[in-house]
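Here is a short briefing on charged side-chain pairs and model confidence. Look over the sequence and the structure before reading on.

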Amino acid sequence: MYQKAFRITAVLAGILATGFLGGCSRGPEMFTVIGVVTLDGTPLQDGFVVFSPKVGAANGAASGKIKDGSYTLECIAGEKSVTVFGRTASKVTVPIHYLDGHSDLFADVSAEGSNEYNFELTTKKLRRSRR
């Protein structure tokens with residue numbers, strides 16, 4: 001009789017634990033983003049890349065370390081503004097216009113397809129065309 005009661009209790013405990021753990025959410029789904037960052041054709045030796053939600057978006061920011069030009073980060077899906085800071089092996093740093101949030105670097109992280117974004121930065125600020 002005790003064995004049957006113990007089995008029933010163990011099964012119920014397992015069901016309850018599965019229900020509680022299965023119902024727990026660890027937050028929104030994250031997606032791996034990879035890429036290469038260069039400055040005037042030279043890979044950044046070290047630095048960081050930051051993917052921030054576009055204005056008005058409700059999803060969070062993510063950052064990844066740049067090492068020898070490459071970066072990897074985990075990010076929530078959505079349209080992102082990208083900020084980059086770092087330097088090349090010859091100590092040339094990324095210009096301020098890639099740091100101030102107005103760099104015109106964007107990424108659209110998605111649940112489907114490739115999330116590879118390569119950024120080819122230049123030391124000269126590109127002029128925007130007037131229309």
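The notes below cover confidence first, then the salt bridges.

This is a predicted model. A search of the whole structure finds two salt bridges. One joins R87 and D46; E79 and K54 form another.

**Confidence**
- The protein chain has a mean pLDDT of 80. Of its residues, 70% reach 70 or more.
- Residues 1-23 have pLDDT below 50. Beyond near neighbours in sequence, this stretch makes zero contacts in the model.

**R87 and D46**
- The closest N and O atoms of R87 and D46 are 3.4 Å apart.
- R87 sits in strand β6, residues 78-87. D46 belongs to strand β3, residues 46-53.
- The pair therefore ties together parts that are 41 residues apart in sequence.
- R87 has a relative accessible area of 29%.

**E79 and K54**
- The side chains of E79 and K54 meet in a salt bridge at 3.7 Å, N to O.
- E79 is in strand β6, while K54 lies in the loop between β3 and β4 (62-67).
- E79 is partly exposed, at 46% relative accessibility.
- K54 is also partly exposed, with a relative accessible area of 32%.

**Where the pairs sit**

Key: Residues are numbered from 1 along each chain as its sequence is written. Side-chain values use heavy atoms; hydrogens and water are left out. pLDDT is the predictor's confidence in each residue, from 0 to 100. Contact means heavy atoms within 4.5 Å. A salt bridge is a side-chain nitrogen of Lys or Arg within 4 Å of a carboxyl oxygen of Asp or Glu. Helices (H or I, at least four residues) and strands (E, at least two) are DSSP runs, numbered from the N terminus. Buried means under 20% relative accessible area, exposed over 50%, partly exposed in between (1.4 Å probe, protein chains only).
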